[in-house]
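This report looks at aromatic ring pairs and at one helix that takes part in them. The sequence and the model come first.

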Amino acid sequence: MPTSPPRPFIHPGFLAPGEKTDLTANDKCSHFSHLGAIHGMSRYYGVTGYQPALQLAGKLSRNMRDFSGHYDSEGRAPNQHFHGSTCTLLAIVEYAARAHDQGMVEFVRKSYEWHRTVGSAVVGFFPEVARQDYLTSES
């Protein structure tokens, strides 16, 4: 049976109208790779009760936590895109709440607490990159 060529990772920023897929893009470098799928599958399960959707959201969430290299075991994500990282946490906690996955809820809590230390929770400033010495932000 013939096999199809591997499908390249497609980061949202790598495509624009009329451009081609970046075949050198690395799927290990971006938290955006599973964010939409985790969120979508969790929501789909919530509406339909379709268990495979929740199972897929769980697999993708565990991949982000354990294998992506984006978060460390304590949920820290130094030198990562702050808003992408925290939006991924929102998707993961939606999965965790629907699946009653307390381990994942605890991971998101620890990560959230760490992310709060990177910016200023008092005024709501959080830098584009999760580093305490990174003083600029997207607006």
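Is Phe82 buried or exposed? In this predicted model, Phe82 has a relative accessibility of 6% and therefore counts as buried, the cut-off being under 20%. Phe126 has 19% relative accessibility, so Phe126 counts as buried too.

**Aromatic pairs**

A pair of aromatic rings is described by the distance of the centres and the angle of the planes. The count of aromatic pairs comes to three. Two of the pairs are set out below.

| Pair | Centre to centre | Angle between planes | Class |
|---|---|---|---|
| Tyr71 and Phe107 | 5.5 Å | 90° | edge-to-face |
| Phe82 and Phe126 | 5.1 Å | 10° | stacked |

Tyr71 is in the loop between helix H2 (51-66) and helix H3 (82-99), while Phe107 is in helix H4 (residues 102-116), so their pair ties together parts 36 residues apart in sequence. Tyr71 and Phe107 are both buried.

Phe82 belongs to helix H3 and Phe126 to the segment after H4, so this pair ties together parts that are 44 residues apart in sequence.

**Helix H3**

H3 consists of 18 residues. From its first C-alpha to its last, H3 reaches 26 Å, close to the 26 Å expected at 1.5 Å a residue. Besides Phe82, the buried residues of H3 include Gly84, Ser85, Thr88, Leu89, Ala91, Ile92, Glu94, Tyr95 and Ala96. An α-helix has 3.6 residues a turn, so residues three or four places apart point the same way. Just after H3, His100 has a positive phi of about 55°.

Methods
Residues numbered from 1 in each chain as written. Predicted model: local features only at pLDDT ≥ 70, side-chain atom pairs only at ≥ 80, totals over all residues. Heavy atoms only, no water. Phe/Tyr/Trp six-rings, centres within 6.5 Å; stacked < 30°, edge-to-face > 60°. Helix = DSSP H or I, 4+ residues; strand = E, 2+ residues; numbered from the N terminus. Buried < 20%, exposed > 50% of the residue type's maximum accessible area, 1.4 Å probe, protein only. Expected span 1.5 Å × (residues − 1).
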